[in-house]
Amino acid sequence: MSQLRIATRKSPLALWQSEHVAERLRVAHPGLAVTLVPMSTRGDEVLDRSLAAIGGKGLFLKELELAMLRGEADCAVHSLKDVPMTLDAPFALPAILARADHADAFVSARYGAFDALPPGARVGTSSLRRQAQLRARRPDLELLDLRGNVNTRLGRLDGGEYEAIVLACAGLDRLGFAGRIRARLDAPDWLPAPAQGAIAVECRADDARIHALCAVLDDAATRTCVEAERAMNRALHGSCHVPVAALAQLDGDSLELRGLVGDAATGELVRAQSRASAGAGEALGEAVARRLLEAGAARFLPPR
C-alpha cells in the first residue's frame, strides 16, 4: 500500500487541518495510507512574546520543512496566512484548498457587537494588522497581547482577562466554535490577513510523486485570489512585523483586490484597490502595492 506522511503542528487547529487534508487525500486516492507526524515548532513554544518579536510566522514552518528534508515526512499542512511570501528552496505548494470564511471574528462573552464595547475596553490580539484596524476604529480601546491556540485564547477571554478578542472565523468554524462569533469583521471596512482562511499543502518541489498526489486538492479560484494577495504583500515586503491586509474576490473573469497598510501604534491606515482579469493576479497584486506606496504606505514599512 502506498503511504504519505503529513508533518503538522500539534495545536488543535493544525491537527484538524492536517486530518482534513488527510481524509481528502484518502478519498481522492483509495488505497493510500495517510498518517500524521505531529511536531512542535518554536512559534508554538514561545508564547510570552509576539511573533514579530521572536522571528515571524515562518517559525511555524521551519521544523516541518526540516522534517521533509530529513525524510521523516512527505508533505506539511499549513494555514496559508502563516506561510512566508517566498518559499525557501526546495519547497513548493502543490495544493491550496478551497478557502473557508476569510473574515475576522469579534468574540466576547459580554458584548454582542464591536460598537457595544465600553470606552477603554480590553481587547486581546497580538496581530499588528488587527491592532491597526482596531485603533483606527476605536482609539479608546486598550489593546493587549494574546498568544496561544484557539482554545487557550477563548479560555483567557472566559477567564475575564479581556472584554473581547479577535480571531479568525475559519479557525473557530473548524474547531466547532462558530457559536462564539458575535460578529464578522469584513470588507470593505475591515480586511483580513493575506490568504486568511486558506489551507496549503507544502512538499519538496523535486518530489513529483507527492506533488501529483496532493495537487488533486488544489482549488483554482482560491489560488487565483490568494496569489494576488500574496503578490501584493511580497511587493510591499510585508511580514508579521508590518500591519498588511488584503482581500481578493473573483466575480466571473474579473478579480478585485483591496489592500491596506497601517500603523498599529496610531491607527493610521492607507488603503488601495484595483481590478484586473482573473489571469493577472500577480500583476494586480503588484499594482495595488504600488498604489499603496504612492498613497504613503512606505512610512509604515521597514526600509528596503
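Buried means under 20% relative accessible area. I looked up C214 with that cut-off in hand: its relative accessibility is 0%, so C214 counts as buried. The model I am reading is a predicted one.

**Cysteines**

I searched the whole structure for disulfides and found zero. The cut-off for a disulfide is a pair of cysteine sulfur atoms within 2.5 Å.

I went on to C225, which is in no disulfide either. Its nearest cysteine sulfur belongs to C169 and lies 17 Å away. Is C225 buried or exposed? I get a relative accessible area of 10% for C225, so this residue is buried.

**Aromatic rings**

I looked for aromatic pairs and the structure holds one. The partners are F106 and F114, with ring centres 5.9 Å apart. Their planes stand at 80°, so I log the pair as edge-to-face; planes over 60 degrees apart count as such. I also checked burial for the two residues, and both F106 and F114 are buried.

**Confidence**

I read a mean pLDDT of 93 for the chain. A value of 70 or more is reached by 93% of its residues. I noted residues 47-51 separately, as the pLDDT there is below 50. In the model this stretch has 11 contacts beyond near neighbours in sequence. I leave those contacts as they stand, with the pLDDT of residues 47-51 noted beside them.

**Whole chain**

I counted secondary structure next and got 10 helices and 13 strands for the chain.

What radius of gyration does the chain have? I find 19 Å, and a compact globule of 304 residues would have a value near 19 Å, so the two agree. I took the spans of the C-alpha trace along its principal axes as well, and they come to about 60 × 45 × 35 Å.

Last, I looked up burial and surface for the chain. Buried residues make up 52% of the 304. The chain exposes about 12,500 Å². Carbon and sulfur atoms supply 51% of that area.

Note on methods: Residues numbered from 1 in each chain as written. Predicted model: local features only at pLDDT ≥ 70, side-chain atom pairs only at ≥ 80, totals over all residues. Heavy atoms only, no water. Phe/Tyr/Trp six-rings, centres within 6.5 Å; stacked < 30°, edge-to-face > 60°. Buried < 20%, exposed > 50% of the residue type's maximum accessible area, 1.4 Å probe, protein only. pLDDT = per-residue confidence, 0-100. Contact = heavy atoms within 4.5 Å. Helix = DSSP H or I, 4+ residues; strand = E, 2+ residues; numbered from the N terminus. Rg over C-alpha atoms; globule rule 2.2 N^0.38 Å. Areas by Shrake-Rupley, 256 points an atom, 1.4 Å probe, with all protein chains shown as cover.
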